[in-house]
Amino acid sequence: MNTAKLKQLLSHQQDILSKIALGIALDDILQDICLAIEQVIEDSSARCSILSLTGNQLFHRAAPNIDDEYLKAINGVFIGPNVGSCGTAAYKNERVIVQNIDLSPLWEGYKDLAHSYGLYSCWSTPIISTTSEILGTFAIYHGAPKAPTQQDLELIDYFVHFSSIALEKSAESLKARQLVADLQKSNEKFKAFTQVMPDLILILNEEGVYTDIYGTSSDLLLESPTDLIGQNVQDLFPVKDADMIMGIIKKTIRTNEMQIFEYDLAVPKGHITFEGRAAALTNYQPEKPELKHVVWMARDVTLRKKAEQEVQRLAFFDPLTGLPNRRMLSDSLAKCVERIKRTKKTGALLFLDVDNFKRINDSLGHGAGDQVLIELAKRLGGVIRSSDTLARVGGDEFIILLEYIGEHNHQACIESEIVAKKVQGVFNDKFAIGELAFQVSCSIGICLINEEHTATDNILKFADTAMYRSKAKGGNSCSFYDPKLQTLLENQAELETDIVRAIANNEFCAYFQPQISMQGKIVGAEALIRWIHPNKGVIAPNQFIPIAEQYGLIQKLQNIVLRNICSLINQLNEKNMIDEHFSVSINISHIQFNSAQLTRELCSTIKEFNIKPQHIKLEITETMLSGDIDSTIKQMTELQEQGFVFSIDDFGTGYSCLAHLNAFPVQEIKIDKSFIDKILDKGKGFNIVNTIISLGKSLYITVVAEGVEQEAQFELLNLLNADCIQGYLVAKPMNASNYIKWHAHQLKKQSLSA
């Protein structure tokens, strides 16, 4: 191709691309493409035709120098394996070269038509979209049989590419018009279209000079598009950023491959993360054919990157403390184990659990507990090495992974214990919550990571087991893994499964321990849960209540007790054995007390059994009164208004609430057995009991002494003016049947002695 033809080709290219970019009518652009190739191709008889494919039919879009009658005759032809050059090319999705229409079986049904309009050869190329969809065909006819040269084919492909762009652009423009229908159909329409584009399209030459800019608002650019044109990135950006941009431009031109990358720039909108795509452009400026260009697409992905980072943070980090979570710890532990397998060195995993953390949540609420955990995370982070991993894996559970702690087990044990003592040292200072301060401690379990312990799940389980061993010692201590304790914990898991089965099989029931006045009158009873196991017999609460609380089963057990209480009261009423002052106590757990459903569940159950609420006494612990005072009073008042009676169980063993006791609607306090056991020593035990009874009297609250087992205890309590007693001196807890018999016997004794 001579220089004149090449210039002509470049001129057509710029003109066609401009018209495509400006949104000129598709048929006009396709008409220009046909005229352009007819001018450039080396045959004056060449006539171009562009058809678009709709369904399985081809329709003429442009053919400026082919007779209209011929176009009408073949317009809408169905594609197929023997339908001329164009129909076959679209059907097979490949170029079809028919050098001589007379000799081609593809033209069997069309050759006479072609000859009548002076057409003797036809080269057809399918027009393919960027998504590999056939858009139509591009055909060159000649007035005599002819075969294409390699230059002809390259030229055809060149203009086929433009045709594809035009057809695809047309489809996109249909969508864009919905957004800019109220704008002018001239340059304003194109301007509006580029303004709603989310991306910047930059044309830069190989020297880094801005040539053209399209796309979104200028707040993603250092300057306005008009001011940027003609400027060099090396003069605009810091050296580091400019070198990055120039490196991508050079690599794109050198490899002629699209580059996909991310980069950060400070622009008027702020610090923005861009996704960039760069592709090489040749002959972009016909007047400077030697100057190479790249088209650079820049998309603002700042929000997406932040969202991805947030997803990453939520997936691998604890949202409260910002520490790695269990998932990230597991990954780190797995990598640590692999390194230890290779190096034969020893690591360690420390499992921390805050002692009695529940009391903070119970007394001050979870918000206060969260403050303690955040402060604890900061303190722990200050005592570990940068190579160690600190993670929060549960409510008040933390893990420290020591990737290297010694060359052998003996050294590792010594070093691990040193780290554990440092950890316990962070608890020496109190934790301040508002005006209050708490002194807490932690229990630590340690499992060495060595050739013996290389299974990540076992390492975590063993350290957890060791931590429970520290708990069993009273807390504020550290322990190494003990296989015997692991067996115990596994037995507890089995017990949890057995509890679920037992609930389904109605193996739980309430036992009742009587309460009598100091004058010997039966005033009530306390309901205590028992498990009647089919193989093990009666199982005491201390063996299963902790497990039930741990696994969230305590609510179901309390519901069983409440129904048993209602049944007992009905039986006693039927026999006229109780009056309106008789009540049965039920222990209300912290979880149940804080539930919004407590009032509804209590009222629903007593309504079902037709029980008066004053026969049900709700026992709560002193600790449960030390949280949100206003909320607690509101909850208790609502229940009192329904007719329920409140009793404080184990009084004197929890946080002191003396300042607020008179504000609570409490009718009874129960002295804990631990104080009754020491009442005869005339020392602290006696003084505490005396103080509690005096407090109750001053507030007009009934005082019940629990765990009374000796006659001497009873006599002293009577002397101190206690109101009622409960304990083995009166009777042991009994099932409902035995309690009714006991109750009847006591009434008979009282009537005989009267």
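Modeller: Helix 4 (residues 84-92) is mostly covered, with 7 of its 9 residues buried, where buried means under 20% relative accessible area with a 1.4 Å probe and protein chains only. This is a predicted model, in which local features need pLDDT of at least 70, side-chain atom pairs count only at pLDDT 80 or more, and totals for chains, interfaces and linings use all residues. Residues are numbered from 1 along each chain as its sequence is written, and side-chain values use heavy atoms, with hydrogens and water left out.

Colleague: Which residues are buried in helix 4?

Modeller: They are Gly-84, Ser-85, Cys-86, Gly-87, Thr-88, Ala-89 and Ala-90. Helices here are DSSP runs of H or I with at least four residues, strands are runs of E with at least two, and both are numbered from the N terminus.

Colleague: And what do the buried residues of helix 4 pack against?

Modeller: They pack against strand 1 (47-54), strand 2 (57-62), strand 4 (96-98), strand 5 (121-128) and strand 6 (134-142), with contact meaning heavy atoms within 4.5 Å. Just after helix 4, Asn-93 takes a positive phi of about 55°.

Colleague: Switching to helix 21, which of its residues are buried?

Modeller: In helix 21 (residues 598-609), the buried residues are Leu-598, Thr-599, Leu-602, Thr-605, Ile-606 and Phe-609. They lie on the same side of helix 21 because they cover an arc of only 145° around the axis, taken from the directions from the helix axis to the C-beta atoms.

Colleague: What does the face turned away from that buried side carry?

Modeller: That face of helix 21 carries Arg-600, Lys-607 and Glu-608, which are exposed, meaning over 50% relative accessible area. The cover over the buried residues includes helix 19 (554-574), helix 20 (590-593), strand 23 (616-621) and helix 22 (629-642).

Colleague: New topic: in what order do the strands of the open sheet come?

Modeller: The order of its 5 strands is 13-14-12-17-18, with mixed pairing, and two strands pair if DSSP finds at least two bridges between them. Strand 13 (389-392) and strand 18 (478-480) stand at the edges with a single partner strand each, so one side of each has no neighbour in the sheet.

Colleague: How many bridges join strand 12 to strand 17?

Modeller: Strand 12 (residues 346-354) and strand 17 (residues 442-449) run antiparallel and are joined by 8 bridges, and Leu-350 stands opposite Ile-446 in strand 17.

Note on methods: The expected span of a helix is 1.5 Å times one less than its number of residues.
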